[in-house]
Amino acid sequence: FPTEADQARERRRLFDLIERLVVWENTTDERLLAEAHAEIVKSCDGHPPAILDPFAGGGSVPLEAQRLGLEAHASDLNPVAVLINKALIELPPKWAGRPPVFPGAAESRLGDDWPKATGLAEDVRRYGAWMREEAERRIGHLYPRARLDDGTTAPVIAWIWARTVTCPNPACRATVPLVRQTWLKKKKGDNVALEMKPHTTENRMAFYVRRARSENDFGFDPAGFSQRGNSVCGRCGTTVTSDHVKAEGKAGRMGAQLMYIASVRSGSTGKVYLSPDDLFIPVPNAQIIEKRLEELRRETGLAAPTSRISDDKRAFTTPLYGLETFGSLFTKRQTLFLLTMIKYLRKARQQMTDEGVDDDFSKGIIVELAMWIDRLADQNSSLCTLYPLGGRGVVHTFVRQALPMIWDYAEANPLGSASSNVDSSLDYTVEALKTCAKAEGLPAIVQRSSATSMPFPEHLFEVIVTD
């Protein structure tokens, strides 16, 4: 490129390629990736460099290096990050094309992308489906269907709960739901909100689903239950301060009250909202769930994690309200569901061992299934909220890298049909594995080490990329 004009044209051509690469919709365009790889090879005289990210974290840098046809190396001190990197960039290409080991998988419909759908991805799908069936057989009755107002039944998307404390007024002592707002739907000509009124016979508040054509036709303000971060007792009008809520939470006296459920009517795209004060809504007895948890603990040794959450109040506010351990962030039903899935993850591992499956390959399957269960944990905690408007599912826990306190939380139905259920999460995991397996022949090397003492020979890497 002897002239400045030649250089400008070449620079523009390469920039155009980069601009096409970063468009999200082009993520799986294999021709575009091949074009980029060819440019890299050409610029390196046919010897592209190995890439190292010494702070690999979630693996985005080594993943993109691998997708561009480069030898990728990832290292991190955090063992969780190392495991994620192995699941993302090491295991899928390593086992791409291997025949599945799940019994009967050879007769399954594997799709048009044979052999990429075999091996790891297909076994993860089939063992995952088996785990789901076993879990539903064991605890499916704890997720009952809703009976709609027309007498039909429908699957529940989520149960929405409000955390509660006792009114500080000694003459009242009512159960106060800590509700920030009760809007359920805002749409021109079709608005839905919860009306909160004192219960006629019990010392608590009751919730009723109300519909109105206009936002101003309800006769109450659906967003009027919080004042400067404080709540108000609906029975006596006493202000329930944030300090009182914290004290109740620290003393273990914070409870939860079911406000409503979100369901879906057959053949309809919109959600149906039902309140337990409008209709009878079955909710499994807490003592039954506690008994099942104790039985599971005795059988398997599994229990909710007791490790403590960080005291960093900038990102972790749940300890201020008594939710000090990771196990306390899950309802009893969520805990039973997740531990049941782990129970059958262990059984899947034992089943592979009994059938003589190669130990290294079975470990790969278990790692990917564990990532799937991690995804389910993210979608099944008491820090989730319901998707607004037309969404069918819950907003997951880690919307950002923090654990903020959530007052009215959504308990998803993991065995239902919403977007956050077991099946959709498994599909998501399997499709990701099939995409990552396309780097067949380019398995990355993932290690756990400190960036101050890397276990590599000197001058191995020409390029180190980190963010």
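Residues are numbered from 1 along each chain as its sequence is written, and side-chain values use heavy atoms, without hydrogens or water. In this predicted model, local features need pLDDT of at least 70 and side-chain atom pairs count only at pLDDT 80 or more, while totals for chains, interfaces and linings use all residues.

**Exercise 1.** Which strands pair with strand 13, and in which sense?

*Solution.* 
- Find the strand. Strand 13 covers residues 255-264. Strands (E, at least two residues) and helices (H or I, at least four) are DSSP runs, numbered from the N terminus.
- Apply the rule. Two strands pair if DSSP finds at least two bridges between them.
- Take strand 5 (residues 156-166). Strand 5 and strand 13 are antiparallel, with 8 bridges. Arg 163 stands opposite Ala 256 of strand 13.
- Take strand 14 (residues 271-274). Strand 14 and strand 13 are also antiparallel, with 4 bridges. Ala 262 has Tyr 273 in strand 14 as its bridge partner.

**Exercise 2.** Why is strand 13 described as largely enclosed by the rest of the structure? Then place Gln 257.

*Solution.* 
- Set the cut-off. Buried means under 20% relative accessible area, exposed over 50%, partly exposed in between (1.4 Å probe, protein chains only).
- Count. 8 of the 10 residues of strand 13 are buried, so the strand is largely enclosed.
- List contacts (heavy atoms within 4.5 Å). Beyond residues up to four places away in sequence, Gln 257 touches several residues, including Trp 161, Thr 164, Arg 204 and Phe 207.

**Exercise 3.** Which strands form hairpins with strand 8?

*Solution.* 
- Start with strand 7 (residues 183-185). It joins strand 8 (residues 191-198) by 2 antiparallel bridges. Trp 183 is partnered with Ala 193.
- Check the turn. The hairpin of strands 7 and 8 has 5 residues between them, and Gly 189 there has a positive phi of about 85 degrees.
- Go on to strand 9 (residues 205-212). Strand 8 pairs with it in the antiparallel sense over 8 bridges. Met 196 faces Phe 207.

**Exercise 4.** Which element supplies the largest share of the lining of the second largest pocket?

*Solution.* 
- Name the contributors. Strand 5, strand 13, helix 7 (286-300), helix 8 (332-354) and strand 17 (408-412) each supply at least two residues.
- Helix 7 gives the largest share, 6 residues.
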